[in-house]
Amino acid sequence: MPQPPNPPRIKITHRPDYRDNYANSVQVRPSAWDFYVQFGTMDQKVPEEVEINLFQGIYLSPQQAKAVLALLQTHLVNYEKAFGEIRLEPHADADRVQ
């Protein structure tokens, strides 16, 4: 029986425009073809207004979105095993995590 081919090595590099950012606001807009994920930071200077400053939008194919979901789920389960349950605030909804 023939041997399966060796999987290719994966080489990860950073492009010159690569940046790390912190986001405490994530919004998702699905369409028939993809998911558009926007990242930003929230700031509340007065009680009656929250300002969200978006800094990056990324389109994901449905397949890549599902792979990201599985990856995040695995890491969240391991995080909660190590540090305890993560609780969401009551007003957070499924489409917008802030």
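Being four residues apart in helix α1 (residues 62–83), Tyr 79 and Phe 83 are separated by about one helical turn; helices here are DSSP runs of H or I of at least four residues and strands are E runs of at least two, numbered from the N terminus. This is a predicted model, in which local features need pLDDT of at least 70 and side-chain atom pairs count only at pLDDT 80 or more, while totals for chains, interfaces and linings use all residues. Residues are numbered from 1 along each chain as its sequence is written, and side-chain values use heavy atoms, with hydrogens and water left out.

**Aromatic pairs**

A search of the whole structure finds two aromatic pairs, where rings of Phe, Tyr and Trp (its six-membered ring) pair if their centres lie within 6.5 Å, and planes under 30 degrees apart count as stacked, over 60 as edge-to-face and the rest as tilted.

| Pair | Centre distance | Plane angle | Class |
|---|---|---|---|
| Tyr 36 and Tyr 59 | 4.4 Å | 35° | tilted |
| Tyr 79 and Phe 83 | 4.8 Å | 45° | tilted |

Because Tyr 36 lies in strand β2 (residues 35–46) and Tyr 59 in strand β3 (residues 49–60), their pair ties together parts that are 23 residues apart in sequence.

**Exposure of the rings' residues**
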